[in-house]
Amino acid sequence: MILHLYAVLVAVSTAALIFAGGLVTSTGSGLSVPDWPNTYGWFMFTFPLDKMVGGIRYEHTHRLIASTVGFLILALAFWLGRVESRAWVRRLGYVALGAVITQGILGGITVLWFLPDPISIAHASLAQLVFCLTTSIALVTSPDWKGGYARRGPAPDDRILQRVAVVTTGLVYLQILIGATMRHTEAGLAIPDFPLAFGHLIPPHWDAKIAVHFAHRVGALVVTSGLVATAGHVFYHHRSRTELWRPSALLLLLLTVQITLGALTVLSGRHYIINSLHVVTGASVLVTSLVLTLRSVRARFGDDAGLSAHASINVPSGGSNPPPYVRGAGARA
Amino acid sequence: MNAYLRSSLVLLALILAGLGAACGGGSQQQATAPAAPVTNPVDPATAGSLKGSITLAGTPPAAQTINRRSDPYCEQQGEARTQTFTVSDGGLQNVFIYVKDGLGNLKFPVPTTPVVLDQHGCTYVPRVFGIRAGQSLEILNSDETLHNIHALPANNREFNRGQALKGLKHTHVFTTAEVMVPFKCDVHNWMNAWVGVLDHPFYAVSGTGGAFEIQGLPPGTYTIEAWHEKLGTQTQMVTIGPKEAKDLSFTFKL
């Protein structure tokens, strides 16, 4: 349980890191600290607080939070390696550690190479994956996951829900990639009005920035359709499954907030706080969709999905009924 | 077989003819090769000058007070206002005027004295200036706060250097002519400057009243360009005779 709470802390810290990264981009502070890994020649953790002025406040704070999250994930991977009996969960920890290290290196390279778009976009995109990994670890170390959500009856193995949820999560990630491209290519205000585009449904003229911006708007409609379809399916077919309808309801709430923030980002001329909230809310939509997806496929993980060093379940070779979350044992909606 | 031989011979003849034409072209190119560059070509006895002013048609937006609260030191330096349109006596300041074309293959010695760009009062001084390709640029931090100097050229090497302490100096040499190279400070997002990098000394920046003067021009016909950070560029053709002082004015419209 402590490991799970710690994993939740790591996931929340990752969200804070994404918000801090959003502030760096939104304030144009990415190059306010020209060197890396040092800060104006100081070792990162000894940089004087009174020198954190202007854009340095955002960039250096982002680096401090990133380092902290890096250490938290290192400890998480180590902890999982020591106590976790499920090999795939241990591997998840190592992958998260590798991802956060790669993320740090990408962050350094993008500073030293003056923010080249591909590196900056890769940095923004990998951040989302790190958040997905830490959230997944928090989820699969939870008592409810280990118990197979069996308190309310066998976990459903709804193939339609699984497919819709997987596709929707993929679409959300794709939409975030387009958003990252839009942010880092300075296309956030390429279409200056909302909800119309230059007063029309379709932009009357095009260039690369307008195309990226418009793709993000179209992407929002596609993602909205996917999320509404997923949530609608859950509300209709799995009303009694708290572990499914809660993230579904949260998804619809986050979606509303996210669309509002997207509109306000344009209408406010990219206010840096609104813009950064849009980034972190997008990340929250992604991980919420991921949680829903993982919970929808929980029944397909088999009995190994819930085993841990301190809560192992032995399935006899014959005779006894398998646990309710063993594949094929759950109800199909 | 005969047909094959004939074809081969025709092909060989075509190749030889092509090679001959290529060789002939080469000798023709040699015949029209440009003359060797003339170094230090200005004759003071015949050199002319260009004098004029930059005016602004229309009412510029009022200068805005810059919010510098993000750095207490900068805030303590007093009120700072936007300098995009600095107008005095009807003239527009901070316009870069230079000879864009007409100097041919003339080469001019590069000054050994550096040009200084100062970060003073959390502002770049000067805001617009010129420098020669190959001439040293000294970037100085006169403030008791941190600055980063981030140059964003298109044809020269980009650089971004931090200056954490007062008195620190960074020297840079631009190798290629480029008009204009922007500078910005990512710590203080209101700090901007522009430098025109040229391979000749014929440039000026409009000052009080929008006045400018370019001296020591060899007689000839030139394309003169005026650049403003917001209003873009304008060009004019001008012919300068021996010892002639030519008047030239530009009007930027809002």
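Why does B:Leu198 count as buried? Because 23 other C-beta atoms lie within 10 Å of B:Leu198. The cut-offs: 20 or more other C-beta atoms within 10 Å is buried, 12 or fewer is exposed, and in between is partly exposed, with C-beta atoms placed from the backbone.

A word on the model. It is predicted: local features need pLDDT of at least 70, side-chain atom pairs count only at pLDDT 80 or more, and totals for chains, interfaces and linings use all residues. Residues are numbered from 1 along each chain as its sequence is written, while chains are lettered from A and ligands numbered from 1 in the order in which they are written.

Chain B as a whole, then. It has two helices and 20 strands. Those are DSSP runs, numbered from the N terminus: helices are H or I with at least four residues, strands are E with at least two. Chain B has 254 residues, and 31% of them count as buried. Now contacts, meaning C-beta atoms, placed from the backbone, within 7 Å. Take those in chain B with a separation of 6 or more: 67% join residues 24 or more positions apart.

Back to B:Leu198. It sits in strand β15 of chain B, residues 192–198. Leave out residues up to four places away in sequence, and B:Leu198 touches B:Tyr98, B:Gly130, B:Arg132, B:Ala133, B:Ala177 and B:Tyr203. B:Gly134 is 64 residues away in sequence, yet 9.2 Å away in space, C-alpha to C-alpha.

Next, the sheet. In chain B, five strands form an open sheet with mixed pairing, in the order β9-β15-β14-β11-β12. Pairing here takes at least two DSSP bridges between two strands. From one strand to the next, the twist averages 25 degrees. Axes are lines fitted to C-alpha atoms, for helices over the stretch in contact, and angles run from 0 to 180 degrees between N-to-C directions.

Zoom in on β9(B) and β15(B). They pair in the parallel sense, over five bridges. B:Phe129 stands opposite B:Val195 in β15(B).

Last, the interface. Chain B gives 15 residues to the contact, and chain A gives 15. On the chain B side, β11 (147–151) and β12 are the elements that give two or more residues. The largest share, three residues, comes from β12(B). By class, that side has three nonpolar, eight polar and four charged residues. Nonpolar covers Ala, Val, Leu, Ile, Met, Phe, Trp, Tyr, Cys and Pro; charged covers Asp, Glu, Lys and Arg; the others, Gly among them, are polar.

Terms used
Two residues are in contact if their C-beta atoms, placed from the backbone, lie within 7 Å.
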